Every structure is written in C-alpha cells, then in structure tokens.
Amino acid sequence: MMNCLQSWPEPVVRVQSLSESGIRAIPDRYIKPPSDRPGFQNQEHVDIPVVDLKNLFSHDHTLHEETLKVISSACKEWGFFQAVNHGISHELMKRTREVWREFFNLPLEVKQEYANAPTTYEGYGSRLGVQKGAILDWSDYFFLHYLPVYLRNPSKWPSLPSSCRDLISEYGAEVVKLCGRLLKAMSISLGLKEDYLQNAFGGEDIGACLRVNFYPKCPQPDLTLGLSSHSDPGGMTLLLPDHDIAGLQVRKNGKWITVKPVPNAFIVNVGDQIQVMSNAIYKSVEHRVIVNSVKDRVSLAFFYNPKSDLLIEPAKELVSEDRPALYSPMTFDEYRLYIRTYGPCGKTQVEFSGSNR
Ligand code: OGA
Ligand code: NI
C-alpha cells in the first residue's frame, strides 16, 4: 500500500486554472453521481449551535458550568459548533485569511514550486486520495505541518506574499492555545480529568497541521462538490471560513445543513480520534463543501491531532459493562493512511474500524 502513495496516479490539474480558463461545462471527472450532488436532499433550515467562550474559564462557577454544558450538548448532538469570544484577534484572523487568498491569486508558476506528492501531502495540491480514475473535488489546497516542531519546515511554506510565513507561525500559536482550552473543556464535560484528552493526545507532543482550501468559482455547481462528504480523521478541527460566502454543510438526521458563518467565529468540530477516545459520546460528524458560480471561497482548516504513533483508544472511565469499548486501539498514523489512499468517503472509516479493528 505504501508504494501507491509515492506519486499521483494521473497528471495533476489545478482546479483554479480550469475555472479561470472560462469553460462552461466541467470535465467529467468532477461530475458526482446524482445521489452525491448538492441538490439531492432537502435542506433543513436550522443552524449549528453557537457557543460563547467568554465564560469558559470564568471564576463564576455557574457561568463556567453553563458553558461546559453547551459545548457538551453541541459535541453530542452535532459534532460541530461555532465559537465566539474565543480570544483570538479578529485582525489576525482576517490578515491570515487574506494572505492565503493572495497566495492563491499568485501566478500558477509560483504556486507550482510547492506542488505536493501523496507521500506527505505537504504543499500545493489538488486531490486527496490516489485511486486512479477517482471522481475529483472542485478545489485546490495548501497543506503544511505546524507541529511537532521537527516536522515543521517553513521553507516548504509559501515565501510569497512576504508576510505569509510569519502569519502562519503567529496564527498557529494562537490556534494551538485555543485548541488546548477546548480540549480541557471537552475533557471536563466528559467527566474526565481536565488534562485527560491533552495527555492522551501526547501532552506537549501533539500534532497539528493546516490545510488551506481554495474553492474556485464553478460553472456547474449543481453537479459537483468542493469537498466530498467526510469526517475529519484527526482530533479536533478549527475552521476559519470565508467571511462572505457560505459553503460548508453538516449532516444532521440524514439532511445537509448549510452553515451560516457568524462573523469572526471559528467553526469547531470533533474529529474521529475524539469520537474514539470518548467511546462515541462525542460524535465526529460528516460534512462537505458546496461550490458556487459567483465567488471563489477560501477556508483554513487547522487540525489538532494526537501524536501520530500513540495508540488511541476509548478512555477507561467511559467504558463499562453497559457500554463496552466500541473501538480497539490504533495509532493515528495507521488510521490516516486510509483517507490518504481512498480520499474523503463519508464516515465509513470510523464505523468500519468500530466493528473490525
Ligand atoms: C476540511 C473541511 C470545510 C470548509 O478541510 O476538512 O471540512 O469549509 N473544510 O472548507
Ligand atoms: Ni473536514
């Protein structure tokens, strides 16, 4: 299996170049089967929960408990919430998003210097998965390692725009801190010690990576997806969405809910590893991205992950005779190979591993 991860099975096509070429019809390899297209299921008009983090670590016990309760029910019922008053500078969020928009607007030759391969995925990419003949998503991306420090290689980060590398460092440091606070809140609200999840992730040795998604305008948005349905394989994701165009959809009771981004919020979601550690009390929920014919969309997904060679398993405290362990131990390295080979495919992996691993 490792062998087929060395290179892409087909010549790489940049979706942005296709979009900018002015084609009126999208190539067949982006056309999804009817059941996967955006219009297939009725859309529900509800919103994912919004959580105000202002009182998360307040000394007022009642306010603190109240916040934990809202987080807990969001992680159980939705696997998703929008976080406001998270403490990260709105200016920093805006500058980081804009610098990445500028990166994608650089000439193709500049971006090609960072072209990635499926061995590490690091760099400028246009597909996830290495199956020959796969139907592709309507997006390009830039993927980089932020932690552990020995995997961090700023020379693989864009040197243009000139502020890009500094912004990645600054933004990463802030987001890592926020993820630590959220992990604490999730631990307590699961009835675990406050540092349980952080320790189970490897303490100081956690992994973190950034994927910046670029969804070009699409002449036939009803036939394709910007990102196919998937659950995030890692621990927890903090998404900074585009400020003025929606695209993310979350699955709820078999229907797709389009998230309306709250200004300056982060969209937080539970990944497969927290689902495993919480013995499925918290849910890693399927989501996807739709595109449109009017505007390009940029989003930054920051993945906060367990150290890659630790065995991840349900917390002993959450396993009982009535609720046996639903998953057997597996490292994140082993787990991640699946999505890196087959691309995004719903929640098949965590469900499959539940009964077979
Ligand atoms: C992801 C993701 C959503 C978005 O990168 O895993 O789900 O809105 N992104 O770009
Ligand atoms: Ni995702």
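Helix 3 (residues 90-104) has 15 residues, which at 1.5 Å a residue should span 21 Å; its end C-alpha atoms are 22 Å apart, so the two values agree. The expected span is 1.5 Å times one less than the number of residues. Helices (H or I, at least four residues) and strands (E, at least two) are DSSP runs, numbered from the N terminus.

This is a predicted model, in which local features need pLDDT of at least 70 and side-chain atom pairs count only at pLDDT 80 or more, while totals for chains, interfaces and linings use all residues. Residues are numbered from 1 along each chain as its sequence is written, chains are lettered from A and ligands numbered from 1 in the order in which they are written, and side-chain values use heavy atoms, with hydrogens and water left out.

**Helix 3**

- The buried residues of helix 3 include Leu92, Met93, Trp100, Phe103 and Phe104; buried means under 20% relative accessible area, exposed over 50% and partly exposed in between (1.4 Å probe, protein chains only).
- Ser89 caps the N-terminal end of helix 3, with a side-chain oxygen 3.2 Å from the backbone nitrogen of Glu91.

- Four strands form an open sheet in the order 6-11-8-9, with antiparallel pairing; two strands pair if DSSP finds at least two bridges between them.
- At the edges are strand 6 (227-230) and strand 9 (255-258), each of which pairs on one side only.
- Strand 8 (residues 248-252) and strand 9 run antiparallel and are joined by four bridges.
- In strand 9, Ile257 is the residue opposite Val250, and Thr258 is the residue opposite Gln249.
- A hairpin is formed by strand 8 and strand 9, with two residues between them, and Asn253 in the turn has a positive phi of about 50 degrees.

**The nickel site**

- His230 (NE2), Asp232 (OD) and His287 (NE2) coordinate the nickel ion (ligand 2) at 2.1 Å; donors are N, O and S atoms within 2.8 Å of the metal (3.2 Å for Na, K and Ca), and water is not among the atoms, so sites may look incomplete.
- The spacing of these donor residues in sequence is H-x1-D-x54-H.
- Both His230 and Asp232 are buried.

**Ligand 1**

- Around ligand 1 there are 14 residues, of which Arg211, Tyr215, His287, Arg297 and Ser299 come nearest; a residue counts as near if one of its heavy atoms lies within 4 Å.
- A polar side-chain atom of Tyr215 is 2.7 Å from an oxygen atom of ligand 1.
- For His287, a polar side-chain atom lies 3.0 Å from an oxygen atom of ligand 1.

Definitions and conventions:
A polar contact is a pair of N or O atoms within 3.5 Å; within protein, one must be able to donate a hydrogen and the other to accept it, and residues adjacent in sequence count only if both atoms are side-chain atoms.
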